[in-house]
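Subject: Structure handover

Hello,

Here is the structure I promised to pass on. Please open it first, then read my notes below.

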Amino acid sequence: LRIPGAVNGVVGFRPSPGYVPHERRALGWSAISVLGPMGRTVEETAHQFLVQSGYHPSDPLSWPGSHKGLVASPEHADLSRLRVAWSEDFGGAPVEKGIRETLGARMASMRSLFKSCEKIKLDLGEADRCFDVVRALSFVQRYQKAYEENRDLLGPNIRANYELGAKMTLADVAWAQAEQTRIFRKFQDLYKDYDLVVGPTVG
């Protein structure tokens, strides 16, 4: 949603898990995969999101009333009241020099529009390792049977990801879920001081 939107010059919105029911997600309690809208404008995307949102009993992360308060035409924000934070790399994501420079220049040009605008440093711990474990669960669930019956029919990327996941232990999974929770809470703490966090979508 975010990356295809960014590389194609349209609006992509990745909602929080539970807003858009995902009844085809085999690991129903996993939030790594979500559905959401893409559109040519914010208004078009908001309208799609309103239509997509709701409750479905087959998705354990959706809930009745999840669409309450959503609107097809969002109100325009008073930018002068926003406390904005921005980060080039969210504490370690690989980002090209040119993208860093462009983001810095854009934020400098917009700084006067906001109540405050600060560059921040983040420490999201072992987010990469955490993602590898959480993602591996879906590969093991999805490809175990195919791998065991005829692994040559699978591409090298799928085989490599499945094998990575198959070697992991319950201790790895427990650590990853705890780390994922810690990272989530640390990121949410930012919103005590800021209304918006800006960063590059594609590195």
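A polar contact here is a pair of N or O atoms within 3.5 Å; within protein, one must be able to donate a hydrogen and the other to accept it, and residues adjacent in sequence count only if both atoms are side-chain atoms. This is a predicted model: local features need pLDDT of at least 70, side-chain atom pairs count only at pLDDT 80 or more, and totals for chains, interfaces and linings use all residues. Residues are numbered from 1 along each chain as its sequence is written, and side-chain values use heavy atoms, with hydrogens and water left out.

Start with Glu 88. It sits in the loop between strand E3 (83-86) and helix H3 (97-110). Helices (H or I, at least four residues) and strands (E, at least two) are DSSP runs, numbered from the N terminus. The Glu 88 side chain makes polar contacts with two others: the side chain of Arg 100 at 2.8 Å and that of Lys 119 at 3.2 Å. Glu 88 counts as buried because its relative accessible area is 17% (buried is under 20%, exposed over 50%, partly exposed in between; 1.4 Å probe, protein chains only).

Next, the sheet. It is open, has 3 strands in the order E4-E3-E5, and pairs them in parallel. Strands E4 (116-119) and E5 (196-198) are at the edges with a single partner strand each, so one side of each has no neighbour in the sheet. Two strands pair if DSSP finds at least two bridges between them. E3 and E4 are joined by 4 bridges. Lys 119 in E4 is the bridge partner of Trp 86. Lys 119 also makes the 3.2 Å polar contact with Glu 88.

Now the aromatic rings. There are 7 aromatic pairs in the whole structure. Rings of Phe, Tyr and Trp (its six-membered ring) pair if their centres lie within 6.5 Å; planes under 30 degrees apart are stacked, over 60 edge-to-face, and the rest tilted. Tyr 19 and Phe 49 form a tilted pair, 5.9 Å centre to centre with 55 degrees between the planes. The two residues are 30 apart in the chain: Tyr 19 in the loop between strands E1 (11-12) and E2 (38-39), Phe 49 in helix H2 (residues 42-52). Are they buried or exposed? Tyr 19 is partly exposed, at 24%. Phe 49 is buried, at 10%.

Best wishes
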